[in-house]
Amino acid sequence: MTRLPLPPSLYADTAVAPVATPPLDVDKNVSVAIVGGGYTGLSTALHLAEQGVEALVLEAQEPGWGASGNNGGHTNPGLKHDPDQIEADFGAELGRRMIEFAYGTTNFTHDLIRRYQIPCEARQNGTLRAAYHEASAAAIEATARQCIRRGMPVTYLNREQLREMTGTDRYVGAMLDARGGDLHPLSYARGLARAAISAGAKVHGETPALSLRRDGNRWRIETPRAVVHADKVLLATNGFSDDLWPALRRTIVPVFSSIAATAPLSDAVAGSIMPTRPVLYESGHITVYYRIDQHNCLLMGGRGPMRWIKSPYDVAYLIRYAERLWPQLKGVSWTHGWNSRLAITADHYPHVHEPAEGVLISLGCNGRGVALATAMGAQLARRLIGGARAEIDMPITGIKPIPMHAFWPVGVTSAVIAGRVRDRLGI
């Protein structure tokens with residue numbers, strides 16, 4: 001097969017050079033085979049290799065080709081649901097572990113970046129979860145109280161504080177979590193691949209897994225040029241999950257998330273927007289998120305067409321919205337527009353499955369994949385090494401296809417339209 005080009009992103013133009021990941025052309029016998037070369041697969045391979053376990057990653061394109069190398073670049077702590085809700089859903093003991101794990105993922109990720117000296121423009125200047133309606137602000141304040149009660153480094157900010165921090169008067173309230181931050185996603189993916197390889201893992205690009213079946217007491221994976229036999233398998237394909245494992249594709253909705261980026265802004269303009277350089281995502285029915293990178297480029301992200309895009313003007317609404325937030329942006333050059341597919345689950349929790357002996361599946365970060373997928377790598381490695389006796393800090397559930405899954409493109413488009421209307425109306 002021919003490697004597809006990267007989406008036309010700012011990241012593709014500015015990332016560090018990739019490490020060599022040649023196609024697999026010789027049959028292999030390994031302890032663990034990993035399908036998917038995004039953050040989850042690469043981090044798991046790294047953490048397995050650190051413990052002397054032979055791990056081999058099969059990636060259909062190149063490491064970071066999907067959402068891992070094309071996301072907003074935010075390292076956000078936590079899960080979609082509030083801490084109290086997590087404990088209500090999973091009980092006090094597992095719920096507490098899930099909360100501690102999920103809200104610790106950003107520190108885990110930035111510590112790993114420092115440990116391996118991964119050059120990916122990483123910063124930890126905080127995450128703002130912001131509201132522009134009073135109802136949403138009240139919900140965010142309730143979340144902040146739950147986090148503060150658990151000793152987290154979280155602050156609730158009012159309108160005046162937010163005007164100073166963001167450079168716009170759009171927001172009425174926000175929660176600032178000091179553990180959040182940002183990075184260059186594609187450079188990070190390539191750095192993770194390099195770290196995994198240096199630790200002893202094998203990573204092969206242009207090597208899709210075509211079939212997976214039991215072969216005696218091992219698993220057999222066919223690829224275009226070679227066959228892999230493995231004691232255990234991890235499927236980490238997220239928004240690009242197909243029919244490699246029965247019904248898995250129907251457990252997630254592969255939603256496109258889009259980003260538009262400016263050319264480097266002048267110091268004066270860039271200094272008037274998010275001057276302390278946190279990242280921000282809005283609390284609304286349709287999430288908009290943004291940041292200023294280390295080169296003074298503004299990156300605005302949100303829902304866009306449920307198809308691949310190539311221009312910032314394919315998501316012109318993000319440009320108009322940025323100009324509404326900061327009128328000084330009118331007339332600046334928008335140079336890049338791109339998107340990729342991320343995986344949304346019906347319950348908005350990450351899903352971990354063990355559908356057969358020796359098979360582990362992890363997918364569905366629901367928009368928090370940078371830090372969450374990285375930290376999941378250590379959890380999944382522990383489970384792959386220790387088996388059922390090795391508890392992890394996320395629930396392991398059965399595969400449950402989403403009803404009427406075939407109609408997801410229509411459902412997503414309708415939900416986006418309805419969400420934008422509700423956000424405008426403040427309901």
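## Exercises on helices and cysteines

**Exercise 1.** Find out which residues of H6 are buried, and what they pack against.

*Solution.* Keep in mind that this is a predicted model. Start with the buried residues of H6: they're Ser136, Ala137, Ile140, Thr143, Ala144, Gln146 and Cys147. Next, look at their neighbours: the buried residues pack against helices H3 and H4 and strands S4, S5 and S6. Now step back to the whole helix: H6 runs over residues 134-149 and reaches 22 Å from its first C-alpha to its last, close to the expected 22 Å. Finally, go just past the end of H6, where Gly151 has a positive phi of about 80°.

**Exercise 2.** Work out how H5 and H11 are oriented to each other.

*Solution.* First, take the axes: those of H5 (residues 105-116) and H11 (residues 369-386) come within 8 Å and cross at roughly 75°. Angles of 65 to 115 degrees count as roughly perpendicular, so H5 and H11 are roughly perpendicular to each other. Then see who touches: H5 brings Thr105, Thr106, Phe108, Thr109 and Leu112, while H11 brings Val370, Ala371, Leu372, Thr374, Ala375 and Ala378. Sort that contact by class and you get seven nonpolar, four polar and no charged residues.

Definitions and conventions
Residues are numbered from 1 along each chain as its sequence is written. This is a predicted model: local features need pLDDT of at least 70, side-chain atom pairs count only at pLDDT 80 or more; totals for chains, interfaces and linings use all residues. Side-chain values use heavy atoms; hydrogens and water are left out. Axes are lines fitted to C-alpha atoms, for helices over the stretch in contact, and angles run from 0 to 180 degrees between N-to-C directions. Helices (H or I, at least four residues) and strands (E, at least two) are DSSP runs, numbered from the N terminus. Angles under 35 degrees count as roughly parallel, over 145 as roughly antiparallel, 65 to 115 as roughly perpendicular and the rest as oblique. Contact means heavy atoms within 4.5 Å. Ala, Val, Leu, Ile, Met, Phe, Trp, Tyr, Cys and Pro count as nonpolar, Asp, Glu, Lys and Arg as charged, and the others, Gly among them, as polar. The expected span of a helix is 1.5 Å times one less than its number of residues. Buried means under 20% relative accessible area, exposed over 50%, partly exposed in between (1.4 Å probe, protein chains only).
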